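Work through the two exercises below with the model open. Each has a task and a stepwise solution.

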Amino acid sequence: MGRRLDTVLKQIYTLPTLPVVLTTVLELIRNPKTSAADIGRVISKDQILTARLLKLVNSAFYGFPRRISTVSHAITVIGFDALTNLILATSVLDIFPKENQEGGFDYEGFWEHSIGTAAGAKVIAGFISYNGKEELFVAGLLHDIGKIVEAQFMQKEFLKVREEIHNNAGLMVNEEAKILGYTHARIGGELIDKWGLPASLVEPVALHHEPQLAREFPRQTAAVHLADILCRAKDIGYGGDNKIPPLNPVAWESLGLRISDIEPIMERMETEFEATISALYPSSTSERGTPPGEQKWRER
Amino acid sequence: MAVVKLNDLKPGMKLTEPVFNINGNLLLREGVELTARHISILKAWGVSQVEVDSQEKTDQRKPELNPQVLCALQERLRTKFFGVLNNEIMREIMRIAEKQAIRKLMLASTRESRG
């Protein structure tokens, strides 16, 4: 049943690619001789990106006391890696559909789940004193990107998966394994690997349902794994099913969190989610009808 | 009459004494029925407590969540967490999820009842 993963992956080549400005920035950053000014110059050529980036840097996402008005200033304040991750976050939202199609995949719910998980991963970064909160944010944002690949390029199989989720009230990852023999997590990992994104993003995405297999980035993978669970528990967005994946004890151990951290993390996630929604979707209240974070309990 | 701390003030309570700011200027007159905006003005001025009609205060009982809504929420969570509660952390996550969802629902219902 289903096509082999490698056949499917060939089709991933036809998927939308990352914007040129982002690939240029990624290349520049790999070069140790690159300066903040070099990167600032590349980004400033793209006015829309510049405007968005400054909006994000000046939003509650950071909460800096003074206004940051140039890209190079933003770089000196938040650093190269953070900046790249912010560009990545805004670009990814551009290249995939955001609105629901009749009878199709719930893209709005999907992005809310993705942003909620991103917010959760960022909050967890703070609790485990991991200094790469933007990286974890992006890993959270991308963790389910494989589901979009399925929705867009494997429509027949994906429909079957969705039917089975409905019939068995199961988790998407389990139904995928049964029907396709691989999962959205692995597909997502392959996709962003092809995009040339760093292994610190690829591993957490590919292994967020089997975090015990993470070799290079076990804590980052565990953070995304936990953020996904908490996001579903808090009912933020829609991850494609109405279940919660089990917490992997190895992943929990690797984070070094205390059980008493759970409540403040879940508390903080909500504010973080709302701040991110208003930064990434500037006119969200008018476009989406409901204010961010107040989405109704949908009948699914 | 009752002296009420600012954090315990609720819209709809009625002032029984005028409130002045630190410079002695009148902020709100006696008899004013407080709105959320009034309360934030008082906060902005650093007012710590005010006198309100005690009758109004006793009316501000903690609203309870409609039992049907609560049942639906608990049922939903049980379905969602079915099969993964054999873990202490997951039980804690479910407990907090319920607590936070109740809070959110209550907030939404008080907003609704105020129109």
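**Exercise 1.** Determine the handedness of the crossing of H6(A) and H8(A), then its geometry and its contact residues.

Solution. 
1. The crossing is left-handed: the near helix is turned anticlockwise from the far one by less than a right angle, whereas clockwise would be right-handed.
2. H6 spans residues 80-95 of chain A and H8 residues 133-142 of chain A; they pack at about 20°, axes 8 Å apart. Axes are lines fitted to C-alpha atoms over the stretch in contact, with angles from 0 to 180 degrees between N-to-C directions.
3. H6(A) is therefore roughly parallel to H8(A) (angles under 35 degrees).
4. H6(A) contributes Ala82(A), Asn85(A), Leu86(A), Leu88(A), Ala89(A) and Val92(A). H8(A) contributes Glu134(A), Glu135(A), Phe137(A), Val138(A), Leu141(A) and Leu142(A). Contact means heavy atoms within 4.5 Å.

This is a predicted model: local features need pLDDT of at least 70, side-chain atom pairs pLDDT 80 or more, while totals for chains, interfaces and linings use all residues. Residues are numbered from 1 along each chain as written, chains are lettered from A, and side-chain values use heavy atoms, without hydrogens and water.

**Exercise 2.** Describe the interface of domain 1 and domain 2 of chain A.

Solution. 
1. Take the bounds: domain 1 is 5-16 + 98-298, domain 2 is 19-95.
2. Count contacts: 24 residues of domain 1 touch 18 of domain 2.
3. Get the area: about 1,700 Å² is buried, 76% of it on carbon and sulfur atoms (accessible area lost on being put together, 1.4 Å probe, summed over both parts).
4. Find the leading residues: in domain 1, Glu134(A), Ala279(A) and Leu280(A) lose the most area to domain 2, together 28% of what that side buries.

Definitions and conventions: Helix = DSSP H or I, 4+ residues; strand = E, 2+ residues; numbered from the N terminus. Parallel < 35°, antiparallel > 145°, perpendicular 65-115°, else oblique. Domains from an automatic or database assignment. Buried area = accessible area lost by both parts, 1.4 Å probe.
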